[in-house]
Amino acid sequence: MHQSSPDLISELLRGMRLSGVKYRRIEASTPFGVAFDQAPGKAQFHFVSHGAALLRMESGATFTLNSGDALFIPNGNAHALLSDEQAQVMPVNAFPSEPICNSVCTISCEPCPENANTIIFSGCMDFELGGMQPLIKAMPEVMMVSRLMSTWPEIHPLLSAMERESMTRQVGFAGILARLADVVAALIVRGWVEAGCGRATGWVQVLRDPRLSRAIYAMHQQPGVNWSVADLAKEAGTSRSVFAERFLSATGTTPAKYLSELRMRLAVQYIRHENQPIETVALRLGYGSLAAFSRAFKRIVGHAPGTLKDIPVSEEV
């Protein structure tokens, strides 16, 4: 993506978080079918460490997966992993499961010989891009690691390590697998962004337009400034009317609304993940009083900022 601002891409990747991850090591013999329900606000990651499987999305799209394949489903679309098209499908939660550690459990779909099974390492996680959360909706329903192999060869040893850990099951393998999966998922997202975001439209125009990139990067760098359309147009190097039109076309919203929502996403990060005092966050984000900040937060997020620690991350902005 040579035309876009590298600073904005760095901002996107800096805000990326994969949290609340729950992993499963799924071991199955033919025939098998494992269904995953739609998970709003979450992403799914799958890695086939042994054998083969068919990925079938709710949209009807299918993908053949072989040993060493990894994929990322950024918007939590419903899907199934099957041995073949005719295999009977059961919800993943219907299979017996046994915890390995705090974040990983193992599922055996069928007892089977060691050399005739398929092993899949699967994760469900909260997927956040910080202030650039709207970009997630522009991502494809499935992002395959195979599309990055020639451009980013550093992925190869990571996948090999995942395969080895999944098969040998040495002491501590579950935690190591989870960390490797986090890195591979992040590389898949980075690869998609740096390769130009495929054929995605809408919000992705921001990354493709260097003028818009400069203005939005300025908001991300100084979210506490009360940016006017004229100020942002100056950052972009365009007239006020041209900037306002381009911004609305690319993001589907106005600069003022975008800034307000950006502030609230950052507020969630500062309060919940960084444990900053609410008063400090209010001033940092440009609000003259705690009351004004609280009103804006409740209007956009749906609840008071003080309740953040009691609400799951997936229910936030």
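# Helix packing and local geometry in a predicted model

Me: How much of the contact in the chain with a separation of 6 or more comes from residues 24 or more positions apart?

Reply: In this predicted model, residues 24 or more positions apart make up 71% of the contacts in the chain with a separation of 6 or more. The chain has 10 helices and 12 strands. Of its 317 residues, 50% count as buried.

Me: Why is α2 called roughly antiparallel to α3?

Reply: Helix α2 (residues 155-168) and helix α3 (residues 173-194) have axes that cross at roughly 155° and come within 10 Å. Angles over 145 degrees count as roughly antiparallel, so α2 is roughly antiparallel to α3. The crossing in which α2 passes α3 is left-handed.

Me: Which residues make the contact of α2 with α3?

Reply: From α2 come Ile155, Leu158, Leu159, Ala161, Met162, Glu165 and Ser166. From α3 come Phe173, Ile176, Leu177, Leu180, Ala181, Val183, Val184 and Leu187.

Me: How do the residues of the contact of α2 with α3 divide into nonpolar, polar and charged?

Reply: They divide into 13 nonpolar, one polar and one charged. Glu counts as charged, and Glu165 of α2 is in the contact.

Me: What makes isoleucine 155 count as buried?

Reply: Isoleucine 155 lies in helix α2. Its relative accessibility is 1%, and buried means under 20%, so isoleucine 155 counts as buried. Not counting residues up to four places away in sequence, isoleucine 155 touches Val145, Leu148, Met149 and Leu187. Its C-alpha atom is separated by 8.3 Å from that of valine 145, which is 10 residues apart from it along the chain.

Me: Why does methionine 149 count as partly exposed?

Reply: The relative accessibility of methionine 149 is 22%. Partly exposed covers what lies between the 20% limit for buried and the 50% limit for exposed, so methionine 149 counts as partly exposed. Methionine 149 is in the loop between β12 (143-144) and α2. Leaving aside neighbours within four places in sequence, methionine 149 is in contact with Ile155, His156 and Leu159. Methionine 149 and glycine 191 are 9.8 Å apart in space, C-alpha to C-alpha, and 42 residues apart in sequence.

Me: How do you know that the buried residues of α6 are on the same side?

Reply: The buried residues of helix α6 (residues 229-236) are Leu232, Ala233 and Ala236. They cover an arc of only 105° around the axis, and therefore they sit on the same side of α6. Among the elements covering them are α5 (210-221), α7 (240-251) and α8 (255-273). Just after α6, glycine 237 has a positive phi of about 75°.

Me: Why are α5 and α7 called roughly perpendicular to each other?

Reply: The axes of α5 and α7 cross at roughly 85° and come within 11 Å. Angles of 65 to 115 degrees count as roughly perpendicular, so α5 and α7 are roughly perpendicular to each other. Arg211, Leu212, Ala215, Ile216 and Met219 of α5 make the contact with Phe243, Arg246, Phe247, Ala250 and Thr251 of α7. These residues divide into seven nonpolar, one polar and two charged.

Me: Where do the axes of α5 and α8 stand in distance and angle?

Reply: The axes of α5 and α8 come within 10 Å and cross at roughly 35°. The crossing is right-handed. Ile216, Met219 and His220 of α5 form the contact with Pro255, Tyr258, Leu259 and Leu262 of α8. The residues of this contact divide into six nonpolar, one polar and no charged.

Me: What makes asparagine 275 exposed?

Reply: Its relative accessible area is 55%. Exposed means over 50%, so asparagine 275 is exposed. Asparagine 275 is found in the loop between α8 and α9 (278-284). Asparagine 275 has a positive phi of about 55° although it is not a glycine. Most residues other than glycine have a negative phi.

Me: Which is the peptide bond from threonine 30 to proline 31, cis or trans?

Reply: The bond from threonine 30 to proline 31 is cis, with omega near -5°. Most peptide bonds are trans. Proline 31 is in the loop between β1 (17-29) and β2 (33-36).

Definitions and conventions:
Residues are numbered from 1 along each chain as its sequence is written. This is a predicted model: local features need pLDDT of at least 70, side-chain atom pairs count only at pLDDT 80 or more; totals for chains, interfaces and linings use all residues. Side-chain values use heavy atoms; hydrogens and water are left out. Axes are lines fitted to C-alpha atoms, for helices over the stretch in contact, and angles run from 0 to 180 degrees between N-to-C directions. Helices (H or I, at least four residues) and strands (E, at least two) are DSSP runs, numbered from the N terminus. Angles under 35 degrees count as roughly parallel, over 145 as roughly antiparallel, 65 to 115 as roughly perpendicular and the rest as oblique. A crossing is left-handed if the near helix is turned anticlockwise from the far one by less than a right angle, and right-handed if clockwise. Contact means heavy atoms within 4.5 Å. Buried means under 20% relative accessible area, exposed over 50%, partly exposed in between (1.4 Å probe, protein chains only). The arc is that of the directions from the helix axis to the C-beta atoms.
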